[in-house]
Amino acid sequence: MVAGLNMGGQKMSNALRWVLLVLAVLMAHAAYARSPWVRSSDYRRFRVVVSPDASPTDRLAAEKFQEYWQKSTNYACAIADDSSATAVNVYVGIDAIPDQYLSKLDLDTLDVDGVIIRTVGRGRNQRALILVGQGDRGTLYSVYEFFERYMGIRWLAPGVTHIPEAPGELPAARYRY
């Protein structure tokens, strides 16, 4: 009888260990999901990457990103046709996106003028922001959507733009419209 109780107690102990392990994994995942993608200390490292063969609209989108990044964070970001290992690269337009990211975006199912805003990398990993869209205007719309959704900028009327202080951190993004 005592041996039976010990066996039952042992089973309970193992079950409790599994429950605690699962809870610990879930809590670690939740903490990771809430951790910021970048902090304001990273804002000075942003760099816009646009293809040298980019359409005029994609080039305009890169310039708008550069303009509103400067206005909202007070940090200038360069526009280049290649990425940098030390920068937070902002890929603007389909032609600028490296193949390793492009294949995961499922652009074929995106409607005309649809947008994708996606962050990759986290912590000390190489981080990048992908701003892309379908059709002639989709990429430009993705830039405006990024600034409205994540930086709090509001275009109120022609010539009237509200640009708040940049947030202290940006979350990971996986937005598709």
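The side chains of K71 and E67 meet in a salt bridge, 2.9 Å from N to O; the term stands for a side-chain nitrogen of Lys or Arg within 4 Å of a carboxyl oxygen of Asp or Glu. K71 and E67 are four residues apart in helix 2, so about one helical turn separates them. Helices here are DSSP runs of H or I with at least four residues, strands are runs of E with at least two, and both are numbered from the N terminus. K71 is partly exposed at 43% relative accessible area, and E67 is partly exposed too, at 27%. For these labels, buried means under 20% relative accessible area, exposed means over 50%, and partly exposed lies in between (1.4 Å probe, protein chains only).

A word on the ground rules: this is a predicted model, where local features need pLDDT of at least 70 and side-chain atom pairs count only at pLDDT 80 or more, while totals for chains, interfaces and linings use all residues. Residues are numbered from 1 along each chain as its sequence is written, and side-chain values use heavy atoms, with hydrogens and water left out.

Searching the whole structure turns up eight salt bridges. Let's follow a network of them that links D42, R45 and R127. D42 is buried, with a relative accessible area of 12%. R45 pairs with D42 at 3.2 Å between the closest N and O atoms, and R45 counts as partly exposed at 24%. R127 also forms a salt bridge with D42, here with the closest N and O atoms 3.1 Å apart. Because R127 lies in the loop between strand 5 and strand 6, and D42 in the loop between strand 1 (38-39) and strand 2, this pair ties together parts that are 85 residues apart in sequence. R127 is buried, at 10% relative accessible area.

Six strands form an open sheet with mixed pairing, in the order 3-2-4-6-5-10; two strands count as paired if DSSP finds at least two bridges between them. Strand 3 (78-80) and strand 10 (174-176) stand at the edges with a single partner strand each, so one side of each has no neighbour in the sheet. From one strand to the next, the twist averages 20°. Strand 5 (residues 115-120) and strand 10 run antiparallel, joined by three bridges, and I116 stands opposite R176 in strand 10.

Helix 4 (residues 138-151) packs on this sheet, touching strand 4 (88-92), strand 5, strand 6 (128-133) and strand 10, and its direction makes about 130° with that of strand 6. Contact means heavy atoms within 4.5 Å, and axes are lines fitted to C-alpha atoms, for helices over the stretch in contact, with angles from 0 to 180 degrees between N-to-C directions.

What lies inside? The largest nonpolar core has 31 residues, and F46, F65, W69, F146, F147 and L170 have the most contacts within it. Such a core is a set of buried Ala, Val, Leu, Ile, Met, Phe, Trp, Tyr and Cys residues joined through side-chain atoms within 4.5 Å. Strand 2 (46-49), helix 2 (56-73), strand 4, strand 5, strand 6 and helix 4 each supply at least two of its residues. Helix 4 gives the largest share, six residues. Leaving aside residues up to four places away in sequence, F147 touches K64, F65, Y68, W69, S72, G152, I153 and W155. A second, separate core has 13 residues, including A96, Y101, L107 and A128.
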